Amino acid sequence: PNCGDQKHYEPSSEWMPSFMRINPILDWDYGQIWNFLSWSGVEYPDMYNRGYTSLGGKHDTSENPHLRCTDGNYLPAKHLSDWSLERAGRKKRTSSSIDCELQHLCDGFDAKEARTVGLIVVGDEILKGRTQDTNTPYATQKFRENGIQLKRVSVVPDLEDDIVEELRRQISACDVVVTSGGLGPTHDDVTIYAVARALGQGMVRNNEMVELMRSKKKKRAGGGDVGLTPAEERMATLPESS
């Protein structure tokens, strides 16, 4: 429903592996679909028998309020009288246009609910063997201790396009994506910019980060007024939703 501009045959997005989407060709409405399911006996998720009419993520899906009974229970989805209200139980998306293809950042999402994680290690020095990757073993241990499944690990060069491509791939497959490397003040530290591109966001000066960096710098200097260098200001420029 939120990718309504797609045609019956639609090529994959530019950041995905190349394939052809085949979208539904039968132009059925909600009621006709349920008539078919009832007639054919095809199995479907039990949540549709408990008041859910449209299923997304657990943080944006609830029972359809138009199926609520006076006793607080819910009718099955097939009893929805107004078929146009199919998505009444879904929270509205509020972020960028790539949300229909990427797991979106929802205001109600709690990272503590994450069950899978992806890890992206950024750095030419890792790929060229000049530096040993000690972050992956450490992160793997911490994920395991917290009961989170590490689903994918990738090592990518200090190239913004490569980082964006891998971020989007992992965002679409994992609850949380962690990056390591490429976050310093030099010209080849482009991870933050890649994150913004992957999420379809702009880069803005983050006042909270500015104050944090000033506080740490002031503590190291033993007090007094301290400012940030242009390189440090660059490190305090983050994606809009940070």
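User: What relative accessible area does R214 have in this structure?

Analyst: This is a predicted model, in which local features need pLDDT of at least 70 and side-chain atom pairs count only at pLDDT 80 or more, whereas totals for chains, interfaces and linings use all residues. Residues are numbered from 1 along each chain as its sequence is written, and side-chain values use heavy atoms, with hydrogens and water left out. Buried means under 20% relative accessible area, exposed over 50%, and partly exposed in between, with a 1.4 Å probe and protein chains only. R214 counts as partly exposed, because its relative accessible area is 29%.

User: Which residue meets the side chain of R214 in a salt bridge?

Analyst: A salt bridge is a side-chain nitrogen of Lys or Arg within 4 Å of a carboxyl oxygen of Asp or Glu, and for R214 the N to O distance is 3.3 Å. Both partners lie in helix α6 (residues 207–221), three residues apart, which is about one turn of the helix; helices here are DSSP runs of H or I with at least four residues, and strands are runs of E with at least two, numbered from the N terminus. The partner is partly exposed at 47%, and the residue is E211.

User: Which residue forms a salt bridge with K217?

Analyst: The side chains meet at 2.9 Å, N to O, and the pair links distant parts of the chain, from K217 in helix α6 to a residue in helix α7, 15 residues apart. Helix α7 covers residues 230–235, and the partner in it is E232.

User: Is E232 buried or exposed?

Analyst: Leaving aside neighbours within four places in sequence, E232 is in contact (heavy atoms within 4.5 Å) with M213, K217 and G227. The relative accessible area of E232 is 17%, so this residue counts as buried.

User: Which strands stand at the edges of the open sheet of three strands?

Analyst: The order is β4-β3-β5, with parallel pairing, where two strands pair if DSSP finds at least two bridges between them. Strand β3 (residues 116–122) pairs with β5 over five bridges. Each edge strand has a single partner, so one side is left without a neighbour in the sheet, and these strands are β4 (149–156) and β5 (176–180).

User: At about what angle does helix α3 run to β3?

Analyst: Helix α3 (residues 135–145) lies across β3, β4 and β5. Axes are lines fitted to C-alpha atoms, for helices over the stretch in contact, and angles run from 0 to 180 degrees between N-to-C directions. On that basis, helix α3 runs to β3 at about 165°.
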